[in-house]
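Open the model in your viewer and keep the selection tool ready.

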Amino acid sequence: MILKVENGAFAYPKGPEILRGVNFDLCDGEILSILGPNGAGKTTLLRCVTGMLRWKTGRCLLDGEDIREISPRRLWRKMAYVPQARSAAPAYSVFQTVLLGRSSRIGSFSTPKKEDYAAAERALERLDIAALADKNCTELSGGEKQMVLIARALAAEPELLIFDEPESNLDFKNQLVVLDTMTGLAQSGMACVFNTHYPAHALQRSHKALLLKKGEPGIFGRSPDVVTEAQIRSAFGVNAVVRPVETGSQELLNVVPLSISGDENKTEEQDRQILAATAVIMDSNRASEQINAILHAYSHLLVGRMGMRRYGAYIINITLRGAESEIRALTHRLTLLPGISVKTTFAKDDFGGKEPES
């Protein structure tokens, strides 16, 4: 499945243009995050992508076909939409609510068939909430409601899942549950789109990002190329630092806001050339082809590489030299692979670009 938006623009009747110059693409197994300040059009964009709203100009393509040419029933078999869980819950049981996700596959005057019940059961089991099946949705916590809405979307067996602020109004644990679920779905081959108020979530979970700024074209690219200190300052008017956080087995990029910016036009400093070492540890070589493909894409940074197997683990040590932002982008792509631990250490000095003396 390939989702594309080409030159998308939207405005309500007699209103100013909310979105313009929106371009992005997404493939199976990828996660796209959408960021921007309040009023930048994040939810409006999702509604345009799903066909709930009509683009003023531009178009949305699914596998090369304009969604305006796809019947609603066929469209909602290909994609599913997960709304925010903050609205009032329906007075149905969890199983009945999840079964509603099969609507696009059930005829107008038909009743659910055996395969529809089976699909609903699979969705509940996949999200580990089968124990809630008979519970009324009005009795659920915020995190449970969000999981039920995801299960309802999964019951449709779509190729693309679109989430509207899935982690908003949830505590830390439930945010993690929802984000882990989305990551797991992508790793199984599904394409996912989510809009968020958390730049750190975009960096840690998404392969690609789209940053919306009021009155300006959207900025699209790899997440670490889009979610930068300069772009955060420009879009949100906030000075922030983007730095890695070590977790013991992993290194994740985090975003820490510092102050409201008084100079939104301040430019980022020249990216320095630097020496770095990246260590990759994995319990099997199943990700070796993906790792090799990523390293090939960044071959201009590679100084050396050594692999070994010790104590049942596969270990790769990689020496790199180049722009710090590119090395961090390489680390980010490796971090998104399942089942591996990654850590990059930067040299304090670039040694003048020469081999350090022993």
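Buried means under 20% relative accessible area, exposed over 50%, and partly exposed in between, with a 1.4 Å probe and protein chains only. This is a predicted model: local features need pLDDT of at least 70 and side-chain atom pairs pLDDT 80 or more, while totals for chains, interfaces and linings use all residues. Residues are numbered from 1 along each chain as its sequence is written, and side-chain values use heavy atoms, without hydrogens and water.

**Stop 1: cysteines**

Select Cys60. It is buried, with a relative accessible area of 1%. How many disulfides does the count give? Taking a disulfide as a pair of cysteine sulfur atoms within 2.5 Å, the count is zero. For Cys60, the nearest cysteine sulfur belongs to Cys48, 9.2 Å away. Now pick Cys192. Its relative accessible area is 0%, so Cys192 is buried too. Its nearest cysteine sulfur is that of Cys27, at 13 Å.

**Stop 2: the open sheet**

Helices (H or I, at least four residues) and strands (E, at least two) are DSSP runs, numbered from the N terminus. Two strands pair if DSSP finds at least two bridges between them.

Colour the six strands of the open sheet in the order S6-S7-S8-S3-S9-S10; the pairing is mixed. Which strands stand at the edges? They are S6 (79-82) and S10 (219-222); each has a single partner strand, so one side of each lacks a neighbour in the sheet.

Zoom in on S7 (residues 160-164) and S8 (residues 191-195). They pair in the parallel sense over five bridges. Leu160 stands opposite Ala191 in S8.

**Stop 3: helix H9**

Select residues 229-236. Six of the eight residues of H9 are buried, so the helix is largely enclosed by the rest of the structure. The buried residues are Glu229, Ala230, Gln231, Ile232, Arg233 and Ala235.

What covers them? Show contacts, meaning heavy atoms within 4.5 Å. The cover includes helices H7 (199-205) and H8 (223-226), and strands S9 (208-211), S10, S11 (238-246) and S12 (251-260). Step just past H9 to Gly237, where phi is positive, about 70 degrees.

**Stop 4: the whole chain**

Zoom out. The chain has eleven helices and 16 strands. Its C-alpha atoms fill a box of roughly 80 × 60 × 40 Å along the principal axes. Buried residues make up 48% of the 358 residues. Among contacts with a separation of 6 or more, 68% join residues 24 or more positions apart.
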